[in-house]
Amino acid sequence: WLGVAIAVFGLLFGLVEILSQTRFPGQLGLFLTIVGIVVAWLGERRAAKVWPALLLLFFALPQAAVLQVALTAGLQLVSSVGAVAIIEMFGIPVLREGNIIDLGQIQLQVAEACAGLRYLFPLATFAFLCAYLYVGHPVKKTIIFLSSIPITILMNIVRIAVTGLLVEQRGVGAAEGFFHYFEGWIVFCLCLALLFL
């Protein structure tokens, strides 16, 4: 009956989506409905044993637009400030105005896509799996999971700073096209390596 109650609660979120014409309540409702069906089908005790799989399903949900906007704005600013600090360490004159990094010959805009959310959500999901599979104290598991946040922020700052340094040395082509996407892929691999470390 607990599962039935959770499923009905999830369906109510679907009704909220229809009435409000926003997507997130329905997505959350779908997640709760699936959890409710699993709990009703397996029973409370057996469903409690598969909670990691159900929580992993939660990571598959697209985030609410309000949360994405707030996180993006904060991460853009932190990434811009950090990247400028690194570029200045190399003795390159740089000016930051909001999320725009002015290198003189070119201005780099830390766009919404460069805020780091594309790293954060997949890395947090992977960190959750690693934390769950790690045999050790729950505090260590929590640290493994939460480490995905500073790793993402740090590596995104490094990626933007490296882009700025390469633009200074090699020109605008270093910030565009294939190299830009390849650099993002390499940085995500480095994020995974740091997580394992």
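**Helix contacts, a pocket and a sheet**

Q: What makes Trp51, Pro52, Leu55, Leu56 and Phe59 in helix 4 a contact with helix 6?
A: These residues meet Ala124, Thr125, Phe128, Leu129 and Tyr132 in helix 6, where contact means heavy atoms within 4.5 Å. Helices here are DSSP runs (H or I, at least four residues), strands likewise (E, at least two), numbered from the N terminus. The model is predicted: local features need pLDDT of at least 70 and side-chain atom pairs count only at pLDDT 80 or more, while totals for chains, interfaces and linings use all residues. Residues are numbered from 1 along each chain as its sequence is written, and side-chain values use heavy atoms, with hydrogens and water left out.

Q: Why are helix 4 and helix 6 called roughly antiparallel?
A: Helix 4 and helix 6 pack at about 170°, their axes 10 Å apart. Angles over 145 degrees count as roughly antiparallel, and helix 4 and helix 6 therefore carry that label.

Q: Which classes make up the contact of helix 4 with helix 6?
A: Nine residues are nonpolar, one is polar and none is charged. Nonpolar covers Ala, Val, Leu, Ile, Met, Phe, Trp, Tyr, Cys and Pro; charged covers Asp, Glu, Lys and Arg; the others, Gly among them, are polar.

Q: What lines the second largest pocket by class?
A: The lining has 10 nonpolar, three polar and no charged residues. Helix 8 gives the largest share, four residues.

Q: How do you know that strand 2 and strand 3 pair?
A: Pairing requires at least two bridges found by DSSP. Strand 2 (residues 100–102) and strand 3 have three, in the antiparallel sense, and Asp102 stands opposite Gln107 in strand 3.

Q: What is the order of the strands in the open sheet?
A: The three strands run 1-2-3 with antiparallel pairing. Strand 1 (95–97) and strand 3 (107–109) are the edge strands, since each pairs on one side only.

How values were computed. Axes fitted to C-alpha atoms, helices over the stretch in contact; angles between N-to-C directions. Parallel < 35°, antiparallel > 145°, perpendicular 65-115°, else oblique.
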